[in-house]
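Work through the two exercises below with the model open. Each task is followed by a solution in steps.

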Amino acid sequence: MRTLMWFCGLAAVAAIGPLAGAQPIADSLADYSGTQGYRNWYYGYSKYTSGTLGPFQQLGLFSNNVWYRAEGGGTSYWTSIWKGGQHPNAAISTGGRLGEENWVIRRWVAPPGFLQYIHISGSVQKQSITGGDGSVFHLMVNSGNYTNIFLVSNDLTAHTFSQDICVAGGDRVDFIVDPNINDQYDSTNVVATITGPIIQMPVSTSACPGAWATFTIAT
Ligand SMILES: [Ca+2]
């Protein structure tokens, strides 16, 4: 074993081999529950107005294994999250729901003291090709947007995503579905896992707050 000290910041670092034995850290399916914060997962949404994504707000109602906004007993907005997917609400809403653009967010928060390079991966897929204008998936870490996948209305393909990134305690990994223009047929499967620690080079960017990290390299 050897120990490596390196700076987890914006600078590129020299290439080294991967760290053996990355372990599961989070699993959106296995960790899913009706308790906010369980295994560091939170279920919520942000209002999107005039090009700005507002603050994260937790969904307040858990019923029949689905998270909803509490207003109207969960029937005022489509905004919802279930074990394998999520549904946004749009300013141009459908089915009698209120018009308000909600980007629905499945969030994992790095626990206190966490400082690792992690591997985030998963897949997203529309549930229906019946109609609507599709939905958009975003992988964001804090305010950084790493992946956008536009799921067009007639596409049932499972699209995969993958991102290696350094995160520190309190950093937020967000799996987001936005409705595009309207929210018709926007049920979207979202499955994600996080493993780590990993060191995969080259590293040219990082959202990790500047800090020295110590990694032990298996040899
Ligand atoms: Ca849509």
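**Exercise 1. State the average pLDDT of the chain and find stretches where pLDDT is under 50.**

Solution. The chain of this predicted model has an average pLDDT of 85, and 81% of its residues score at least 70. pLDDT is the predictor's confidence in each residue, from 0 to 100. Next, residues 1-18 stay under 50. In the model this stretch has 36 contacts beyond four places in sequence, a contact being two residues whose C-beta atoms, placed from the backbone, lie within 7 Å. Residues 200-207 are also below 50, with 20 contacts beyond near neighbours in sequence. Where pLDDT is low, the predicted coordinates should not be read in detail.

Two conventions apply. Residues are numbered from 1 along each chain as its sequence is written. Local features need pLDDT of at least 70 and side-chain atom pairs count only at pLDDT 80 or more, while totals for chains, interfaces and linings use all residues.

**Exercise 2. Which strands pair with strand 3, and in what sense?**

Solution. Strands are DSSP runs (E, at least two residues), numbered from the N terminus; two of them pair if DSSP finds at least two bridges between them.

- Step 1: strand 3 (residues 41-49) runs antiparallel to strand 10 (residues 102-109), with seven bridges. Here S46 has W103 as its bridge partner.
- Step 2: strand 5 (residues 57-58) is joined to strand 3 by two bridges, again antiparallel. Q58 lies opposite G44.
- Step 3: strand 4 (residues 52-53) is antiparallel to strand 3 over two bridges, and T52 stands opposite T49. Strands 3 and 4 form a hairpin with two residues between them. In its turn, S50 has a positive phi of about 50 degrees.

How values were computed
Helix = DSSP H or I, 4+ residues; strand = E, 2+ residues; numbered from the N terminus.
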